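Here is a short tour of this two-chain structure, written to be read with the viewer open. Turn the view as you go and pick out the places named in the text.

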Amino acid sequence: MKKLFSILSVAALAVNLHAGNITVKGSDTLVILAQKWAEVYMGQHPEVKIQVSGGGSGIGFAALQSQTTDLCDASRPAKAAEIAKCQVVFGGKRPTEYKVALDGLSVYVNPENTLKELTVDQVGDIFTGKIKNWKEVGGPDAPITVYSRENSSGTYEFFKEHVLKGKDFAASAQTMPGTAAIVQAVLKDKSAIGYGGAAYGGNSKLLNIKHDDNSPAIAPTEDNVLNGTYPIWRYLYVYVNPNLDKGEISAYLGWIRSDDGQKYVKDIGYYPLPKNLRNN
Amino acid sequence: MTPNTKNEDRRPHGWIGIHRGHKARPVEWLAEKFIFLVSLSAIAMVLLIFLFVAREALPVFFGETNTALIQPTIPVAEMDKHSPAELRRYLDLTPEQYKSVDHDTLLALMQGKIDEQNEVPENFRNDADAHINTTEWKYLVQAHQWSGYDKPEHIWQPVGQIKKFNIIPLFVGTLKITLIGLLFAVPLAVGAAIYVSQLARPRVREIVKPVIEMLSGIPSVVVGFFALLVMATLLQKIFGYQTRLNAFVAGVALGFAVIPVIFSIAEDALTSVPRAYTQAALALGASRWQTAWQIVLPAAIPGVFAATVLGFGRAIGETMIVLMVCSASVMSWSIFDSARSITTTIAAEMGEVVAGGPHYRILFLLGALLFAATFISNMIADFVIHRFKNKLEGKR
């Protein structure tokens with residue numbers, strides 16, 4: 001599917017090779033939002049053509065450094081190695097980073113599971129395989145089936161880094177090709193646990209998360225993500241070659257971060273950027 | 001067998017099979033050459049693909065990749081003490097790139113290398129595994145006791161601070177799923193082939209044969225989706241195992257993709273057994289079952305075996321079904337545990353790897369090994385089929 005998208009976008013590129021073309025590539029987490037933005041912006045500015053494709057944050061940075069894309073969507077900050085690779089072709093300049101939205105990650109369980117809350121450490125221990133039965137965390141006496149994402153996903157890397165604290169996922173963790181597949185599996189499997197964007201949870205049960213044993217359990221709602229009390233959240237970014245950050249591209253980036261652009265963020269299931277973060 | 005094969009044997013063969021004995025018309029000659037070239041290009045294609053895949057994997061073979069988390073850095077101030085070639089390798093640039101960057105960029109890159117080391121989280125700095133180059137063969141195939149594990153284990157965790165590339169779980173997973181798929185598909189497919197070619201009435205045959213062959217027209221992603229949503233739940237209810245998505249479900253789903261392949265070749269082989277055999281057996285008083293089972297099947301064994309081998313090739317190379325149904329890289333031979341196949345790994349991970357990086361190289365290495373495995377299995381099968389055939393025809 002990804003391949004098909006990229007073929008289509010290349011084909012579309014060939015047709016529209018006139019001025020006012022912006023190509024956007026990168027994170028699959030951001031691709032729906034980026035498409036929405038592009039659609040609305042193209043409606044307002046018919047002279048601008050925006051092509052959006054996914055592939056993953058890593059793919060986006062690779063495309064940024066090979067200069068086959070203007071904007072790179074990312075669900076994680078650029079790594080030092082990726083910045084260095086970009087500097088080679090940008091004449092020593094670092095790619096410019098723009099935060100464009102916030103994303104809260106929820107932990108899903110089957111609706112029949114009686115458990116309501118977990119601490120971040122408990123979630124980590126479940127996903128590393130240290131905790132193997134629900135009763136160890138106050139749930140029913142049943143073995144836990146862990147559902148995770150493919151390791152090419154930015155969500156996987158974020159979860160591994162921030163919730164598992166860099167430890168390995170349990171070898172028995174099922175890797176699913178997407179968040180929708182995780183939700184599907186969690187709904188079918190009573191002993192399941194999975195993770196993904198709060199908006200994608202569907203009918204699964206979203207657990208409340210505690211920072212540690214003594215802090216209150218926080219539900220993954222917009223308010224809690226925006227005021228920073230919900231513990232598992234991240235920024236979503238757009239990176240751009242600083243030499244290209246002018247004219248149409250600059251105007252588009254400005255619009256994304258304006259009130260007008262940010263009002264579409266919630267429709268897709270992420271959270272708009274707080275005002276004080278929009279001018280970095 | 002027929003009389004004129006003898007004559008053909010006597011006729012001298014020219015270069016690449018063009019008969020000297022009679023004059024070929026120019027068009028025929030051209031057509032023959034063209035077909036010959038096409039078949040040559042198929043061989044060249046196979047070779048080229050293998051060479052391309054193997055070339056990408058070569059640095060792993062020669063131990064040129066290094067994934068150690070902690071690596072020595074060169075302070076920016078000491079840049080001039082190192083030769084350009086050393087710096088180029090240190091910064092991981094191609095010679096063209098190295099030539100194209102100016103001095104300021106080079107300084108920025110040197111700083112980037114140091115930043116990269118500073119990015120290493122505190123708790124990994126003193127980790128015993130942080131100095132290990134995990135792409136050495138030792139770590140690729142042997143169990144190793146990584147920090148945080150209680151015993152030596154085969155671990156495939158290619159993304160993270162300490163990247164673990166043990167390929168054994170993937171091989172075990174591939175074999176597990178493929179064997180379950182074949183165990184499920186071969187008896188069914190061969191049984192169906194015997195039924196359709198020997199026992200079924202013509203009217204039934206007209207319906208059953210195309211329907212089974214239509215199975216191969218179902219896209220594997222659809223089979224995978226069906227297995228993920230319906231079969232997994234059904235099989236879990238029947239067998240009551242713990243892991244809902246496991247090698248067993250994947251194997252059975254894979255069986256559906258393999259059945260039409262095995263069926264159509266086995267059916268051809270059974271149908272092409274001379275009618276005289278069947279008629280002779282029936283005339284001697286054998287029942288239709290006895291004839292099919294004891295006369296026709298043994299006579300068609302080389303073909304049935306070939307069908308199985310082709311089915312094996314299809315099963316081991318199938319990606320989508322396995323990718324959708326199960327993909328946890330567990331090191332376990334239990335069929336009710338999950339498994340991750342090599343093809344799944346390549347398909348799922350190739351998208352996000354840094355081109356030319358260690359993870360990329362290892363994925364190509366897996367591809368090359370998979371290629372070698374199918375190639376060798378086909379060679380052995382070919383050899384066995386010839387032995388069978390010669391034995392059946394009474395040649396030694």
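The term pLDDT stands for the predictor's confidence in each residue, on a scale from 0 to 100. You will want it at hand, since this is a predicted model. For chain A the mean pLDDT is 85, with 92% of the residues at 70 or more.

**Confidence along chain A**

**Where the chains meet**

Next, the contact between the two chains. Chain A brings 35 residues to this contact and chain B brings 42 residues. On the side of chain A that touches chain B, at least two residues each come from α3 (57–65), α4 (80–89), α6 (154–162), β7 (174–176) and α7 (179–188) of chain A. Which element supplies the largest share of that side? That is α4(A), with six residues. By class, the side of chain A that touches chain B holds 14 nonpolar, 13 polar and eight charged residues.

Two packed helices are described by the angle between their axes and the distance between the axes.

| Helix pair | Angle | Axis distance |
|---|---|---|
| α8(B) (168–199) and α13(B) (288–299) | about 115° | 11 Å |
| α14(B) (301–317) and α17(B) (358–392) | about 175° | 9 Å |
| α10(B) (220–239) and α11(B) (247–271) | about 135° | 9 Å |

Start with the pair α8(B) and α13(B), whose angle is about 115°. That value makes α8(B) roughly perpendicular to α13(B), and their crossing is right-handed. From α8(B), the residues Ile194(B), Gln198(B) and Leu199(B) meet Arg288(B), Ala292(B), Val296(B) and Leu297(B) of α13(B). The classes in this contact of α8(B) with α13(B) are five nonpolar, one polar and one charged.

Moving on, α14(B) and α17(B) pack at about 175°, and the two helices are therefore roughly antiparallel to each other. In α14(B) the contact involves residues including Phe305(B), Val309(B), Phe312(B) and Ile316(B), and in α17(B) the residues include Ala381(B), Val384(B), Ile385(B) and Phe388(B). Lys389(B) of α17(B) takes part too. Taken together, the contact of α14(B) with α17(B) has eleven nonpolar, five polar and one charged residues.

The last pair is α10(B) and α11(B), at about 135°, and these helices are therefore oblique to each other. The crossing of α10(B) past α11(B) is right-handed. Among the residues that make this contact are Val223(B), Met231(B) and Leu235(B) of α10(B), along with Phe248(B), Val252(B) and Phe256(B) of α11(B). How do the residues of the contact of α10(B) with α11(B) divide into nonpolar, polar and charged? There are eleven nonpolar, two polar and no charged residues.

**A few single residues**

Back in chain A, two residues other than glycine have a positive phi. For Gln67(A), phi is near 60°. Gln67(A) sits in the loop between α3 and β3 (71–74) of chain A and is partly exposed, with 13 other C-beta atoms within 10 Å. For Lys165(A), phi is near 55°. Lys165(A) belongs to the loop between α6 and β7 of chain A, and is partly exposed as well, with 14 other C-beta atoms within 10 Å.

Tyr41(A) is part of helix α2 (residues 28–44) of chain A. With 19 other C-beta atoms within 10 Å, Tyr41(A) is partly exposed; a residue counts as buried at 20 or more. Beyond its neighbours within four places in sequence, Tyr41(A) contacts Val48(A), Ile50(A), Tyr252(A) and Trp255(A). Tyr252(A) is 211 residues away from Tyr41(A) along the chain, yet their C-alpha atoms are separated by 7.7 Å.

The C-alpha atoms of Gly191(B) and Ala266(B) are separated by 9.5 Å, and the two residues are 75 residues apart along the chain.

Key
Residues numbered from 1 in each chain as written. Chains lettered and ligands numbered in written order. Predicted model: local features only at pLDDT ≥ 70, side-chain atom pairs only at ≥ 80, totals over all residues. Contact = placed C-beta atoms within 7 Å. Helix = DSSP H or I, 4+ residues; strand = E, 2+ residues; numbered from the N terminus. Nonpolar A, V, L, I, M, F, W, Y, C, P; charged D, E, K, R; others polar. Axes fitted to C-alpha atoms, helices over the stretch in contact; angles between N-to-C directions. Parallel < 35°, antiparallel > 145°, perpendicular 65-115°, else oblique. Left-handed = near helix turned anticlockwise from the far one by under 90°. Buried ≥ 20, exposed ≤ 12 C-beta atoms within 10 Å, placed from the backbone.
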